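Visitor: I would like to learn how to read a few features of a protein model. Could you take me through them one at a time?

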Amino acid sequence: MSKKTTIYDIAKKLNITAATVSRALNNNPKISEATRELVLETAAKMNYERNRLAQALKSGKSYNVGVVVPRIDSNFFASVIRGIEEELHPAGYHVIICQTHDQKKLELANINSLLNAQIDGVLVSISNANDAANDGDTDTSTKTNRKDLNAKENDMFSNLIRKNVPLIFFDRKKDIKGVSSVVINDFKGAYDATQHLIDQGKKRIAHLSNNRDIEIFKNRYLGYKQALIDNGLEFDESLVVECFSKVEHGKKVTGKLLAMPNPPDAIFSVSDFSALGAIQEITEQGFKIPEDISVVGFSNEPFTKFMELSISSVDQSPKEMGRIAAQVFLEEVNNGNKVKSVKHVVLSPELIVRNSSLINTTADVG
């Protein structure tokens, strides 16, 4: 294995001191621009790689950023991560990705590990304990334990703030004073989806909801409800069912809805996965989509476009969300001792209309 190039090698090559090379590599203002450029050019030609550990000890930065997501096997979170990486890599940061599997315990453990790794910031989309409980996580299956884990989560976030570690929420967030966030307008996304179904002539619209203790699901529920009220339609609480963001759960709860004496003529789901389960159950029971029952999902996962029956869905601009979250982090970490500027960015959703809900063929199909 070839020997690594050091600053002493560069100094010998240019016939200058190692101290001058070090200052040039670290943009010391005492070094002329001409010397700095010469050192950087020579370092590149000699394949010089900085010692990141030594650089971290000197600067007080690790140049590592933690990104905590519920899961990485969804296009939404994968796209958010891509946006974050594309924004942070040019700034010299490396991204450490952790997934919680929607379990508070794993979320807490991940953030604690990131803190021990001396990360420079944490970008988080909080977990949904309800989904984890259904997967057999008995520690989160009771309200008491869930409350305890939520309290520990709040303590963890408070600890980050006390340590002056930049904390940015994206998508799923908590309202914590002094913490920035990047989300979409979930209320508007749900309102637009429900309004579209009403415009297609649907009058009895069911809602596959999720844990409304989490703000995004609460806002989607409220948007759905408000659209019904604004159009003079009856809001029927029996048509709102809690459903995990999984195909099998969408299928199960849709079966119960179709067994009602007066079943729905449309379904708006907070998740594309549960929307897919709804479509499977509707089709198996012999109903036509969208004529008998229309379906709209949320997140615009890739499969929604490429299925034989394409699924209408609300796009959340995940890559843009990731890029903006990274930009907010960079602003905070480069802020120095100045007063922190807290940002709450709200992106606008876009309803993509496809065959699962389109009856009026004069509308555009995504």
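**Salt bridges and helix packing**

Guide: Let's start with a pair of charged side chains: aspartate 192 and lysine 188 meet in a salt bridge, 2.8 Å from N to O. A salt bridge here is a side-chain nitrogen of Lys or Arg within 4 Å of a carboxyl oxygen of Asp or Glu. Please keep in mind that this is a predicted model, where local features need pLDDT of at least 70 and side-chain atom pairs count only at pLDDT 80 or more, while totals for chains, interfaces and linings use all residues. Residues are numbered from 1 along each chain as its sequence is written, and side-chain values use heavy atoms, with hydrogens and water left out.

Visitor: Where do aspartate 192 and lysine 188 lie?

Guide: Both are in helix α9 (residues 186–199), four residues apart, about one turn of the helix. Helices are DSSP runs (H or I, at least four residues), as are strands (E, at least two), numbered from the N terminus.

Visitor: How many salt bridges does a search of the whole structure find?

Guide: The search gives 18. One of them joins arginine 71 to aspartate 102, with the closest N and O atoms 4.0 Å apart. Arginine 71 is in the loop between β1 (64–69) and α5 (75–88) and aspartate 102 in the loop between β2 (94–99) and α6 (104–116), so the pair ties together parts 31 residues apart in sequence. Aspartate 102 is buried, at 5% relative accessibility.

Visitor: Now to helix packing. At what angle do the axes of α1 and α2 cross?

Guide: Axes are lines fitted to C-alpha atoms, for helices over the stretch in contact, and angles run from 0 to 180 degrees between N-to-C directions. Helix α1 (residues 7–14) and helix α2 (residues 18–25) have axes that come within 8 Å and cross at roughly 110°. The two are therefore roughly perpendicular (65 to 115 degrees).

Visitor: Which residues make the contact?

Guide: With contact meaning heavy atoms within 4.5 Å, α1 brings Ile7, Tyr8, Ile10 and Ala11, and α2 brings Ala18, Val21, Ser22 and Leu25. They divide into seven nonpolar, one polar and no charged. Here Ala, Val, Leu, Ile, Met, Phe, Trp, Tyr, Cys and Pro count as nonpolar, Asp, Glu, Lys and Arg as charged, and the others, Gly among them, as polar.

Key. Angles under 35 degrees count as roughly parallel, over 145 as roughly antiparallel, 65 to 115 as roughly perpendicular and the rest as oblique. Buried means under 20% relative accessible area, exposed over 50%, partly exposed in between (1.4 Å probe, protein chains only).
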